[in-house]
Amino acid sequence: MLKTVSLIGLCLLSASSMAEMRIYDATKADQLLEAQGEDIFPVDEKARRIWLKSRAFEAAVFGRSAVLTYKQMHEQAIDLQSPSYIGFNRFEHGRDLAGPGYKVFKTPNADTLYSNAYLDLTAGPILLTVPSTGGRYYTVNFLDMYGNATNISARTHGTAGGKYLIAPTDWQGEVPADVTLFRVAQPYMWILMRVAVSSTVELPAARETQEKFVLDGISTQPHENLYPTPAVDGDPASFLKVLDWVVEHAGVSRTERAHVAGFGVLGVGGGRSVEEVIQDKVSKEAIVEGFNEAEDVIKRSLGPHGTSAGGGWRYVADLGRFGHNYLTRAVVNTLGTGANVRRENFAFTNFEDASGAPLDGSKYAYTLRFETPPPSEFFWSVTVYDRETQELVPNRDSKYLVGSNTPDLRLEKDGAIVIHLSKDASGSNDLPIPDGPFYLALRAQGPLPELLSGDWQPSPIRAVEAGNAQP
């Protein structure tokens, strides 16, 4: 099942243990030959069931983010009948801030306009024109099919604008003198662009800025008969067909070749097709079992997750740069695709109050006090999400966050910021919450060194009796 749900609880191999792993280069050994054929496909039914089940489990975890990203790409850039279709190498600009029911992905922020584009660089690079934004924050977030992120942004390239030639790592060609080469990991990429909006009054100016970001590509039309249909929830065969396409056309990292080679027995990147594998009843049943167990592991890993910052707040240290942490990647992208690296957007989540009880608007109101504001170069915000749907919460004032750009944000005499969370919130520092379970996301765009180092950490959320949130 590919439905996107809440967050994470992870057991990760530590960096220190990874550093102790001995690596050797077999190509430098005398007369050591690589295998030329495929691995054994067990004839014995019991052995085949065990083997395929384990391979299916690994493929389901490894491929989760790629299959979710492909579904989005298919809707916007491939399916000519889709209401969201716009084609490759073209921006689709969201003209309004995200609100309840936002369909593009889960856990959106509500203080930037989003723009989406899917790139097909198989015929050559494209030219991205970035306008001068007059100091306004923006990020052109490039994501490969597996969710690994890089940025052309106010943080990385400033706000003066420029021209960038977007090319995959294996492209060779001349770069014009007034253009900067920016290499991306794969020939198929997703751009999730964000342009900051401090208030609805700024929307016209922010929309005008959006329009000045331009992609000049070779072709915007999908190739005929090249793409599989998106995976269907609960159907491993359709999942594997999409993963096979991603492996073949978008590719895998050089360091992942051995891992992905193991999926050949499932019809992914190997000599067999998925149809040939699932014709056998035992094989099909084993693959279904492996997928079901992977789904269970991912679901059981959702919720409070990652590295603790105290007070229930957590963050994923390797968000947007997942490497070989496939369970982390699967869980993060199940919550919501499009995560950025921590240096661009330091994001915390919190599902519980100071006592460890789940946040629940049907039981309590809450207060959140920052002794000093979250240290950020551009802006910070605290946003509420419904725990079940991972969506912004409908409320009377259509208010979904409190942050540095909130009009009339009040500071205490000692410089602290106190945010009140309740169902009937109405003040500038007040944030509406649902009549049920919810969670918070704290985002700092352009985190400053004291935030990256851990010297600044968010305070715990304290429950008060409903209706008495005001101090």
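Student: How many of the seven residues of strand β13 are buried?
Tutor: Five of them, so going by the under-20% cut-off for buried, β13 (residues 364-370) is mostly covered. Keep in mind that this is a predicted model.

Student: Which strands does β13 pair with?
Tutor: One is β19 (residues 461-465), in the antiparallel sense over five bridges. Another is β16 (residues 417-422), again antiparallel and over five bridges.

Student: Which residue is the bridge partner of Tyr366 in β19?
Tutor: Ala463. On the β16 side, Arg369 stands opposite Val418.

Student: Where is the kink in α2 centred?
Tutor: On Gly63, and the kink is about 50°.

Student: What does the side chain of Asp44 reach at the start of α2?
Tutor: The backbone nitrogen of Lys46: a side-chain oxygen of Asp44 comes to within 3.1 Å of that atom.

Student: Which ring does the charged end of Arg55 sit over?
Tutor: The ring of Trp51, at 4.9 Å from its centre. The ring of Phe62 has a charge over it too, from Arg329, whose charged end is 4.8 Å from the ring centre.

Student: Aromatics next. How many aromatic pairs are there?
Tutor: The count comes to 25 aromatic pairs. One of them is Phe62 with Tyr146: the ring centres are 5.5 Å apart and the planes are at 55°, so the pair is tilted.

Student: Where do Phe62 and Tyr146 lie?
Tutor: Phe62 lies in helix α2, and Tyr146 in the loop between β4 (138-143) and β5 (149-153).

Student: Is Phe62 buried or exposed?
Tutor: Buried, with a relative accessible area of 0%. Tyr146 also counts as buried, at 3% relative accessibility.

Student: What about Trp313 and Phe348, how are their planes set?
Tutor: The planes are at 85° and the centres 6.5 Å apart, so that pair is edge-to-face. Trp313 is in strand β11 (residues 313-315) and Phe348 in strand β12 (residues 345-350), so the pair links distant parts of the chain, 35 residues apart.

Student: Is Trp313 buried or exposed?
Tutor: Trp313 is buried, at a relative accessible area of 0%. Phe348 counts as buried as well, at 2%.

Student: Which residues do ring pairs link into a cluster?
Tutor: Tyr70, Phe88, Tyr188, Tyr227 and Trp245.

Student: Where does Tyr188 lie?
Tutor: In strand β8. Tyr188 is buried, with a relative accessible area of 1%. The C-alpha atoms of Tyr188 and Val140 are separated by 16 Å, with the two residues 48 apart along the chain.

Student: Back to strands, then. In what order do the five strands of the open sheet run?
Tutor: The order is β1-β2-β8-β4-β5, and the pairing is antiparallel.

Student: Which are the edge strands?
Tutor: β1 (92-93) and β5, each of which pairs on one side only.

Student: And over how many bridges do β2 and β8 pair?
Tutor: Nine, in the antiparallel sense, between β2 (residues 112-120) and β8 (residues 188-196). Within that pairing, Ala117 stands opposite Ile191 in β8.

Student: Now the backbone. What is the phi of Gln31?
Tutor: Positive, about 65°, although Gln31 is not a glycine. Most residues other than glycine have a negative phi.

Student: Where is Gln31?
Tutor: In the loop between α1 (15-19) and α2. Gln31 is exposed, with a relative accessible area of 78%.

Student: What about phi of Ser398?
Tutor: Near 50°, a positive value in a residue other than glycine. Ser398 is found in the loop between β14 (376-386) and β15 (401-403).

Notes: Residues are numbered from 1 along each chain as its sequence is written. This is a predicted model: local features need pLDDT of at least 70, side-chain atom pairs count only at pLDDT 80 or more; totals for chains, interfaces and linings use all residues. Side-chain values use heavy atoms; hydrogens and water are left out. The bend at a residue is the angle between axes fitted to the seven residues ending there and the seven starting there. Helices (H or I, at least four residues) and strands (E, at least two) are DSSP runs, numbered from the N terminus. A polar contact is a pair of N or O atoms within 3.5 Å; within protein, one must be able to donate a hydrogen and the other to accept it, and residues adjacent in sequence count only if both atoms are side-chain atoms. Buried means under 20% relative accessible area, exposed over 50%, partly exposed in between (1.4 Å probe, protein chains only). Two strands pair if DSSP finds at least two bridges between them. Rings of Phe, Tyr and Trp (its six-membered ring) pair if their centres lie within 6.5 Å; planes under 30 degrees apart count as stacked, over 60 as edge-to-face and the rest as tilted. A charge sits over a ring if NZ of Lys or CZ of Arg is within 6 Å of the ring centre and within 35 degrees of the ring normal.
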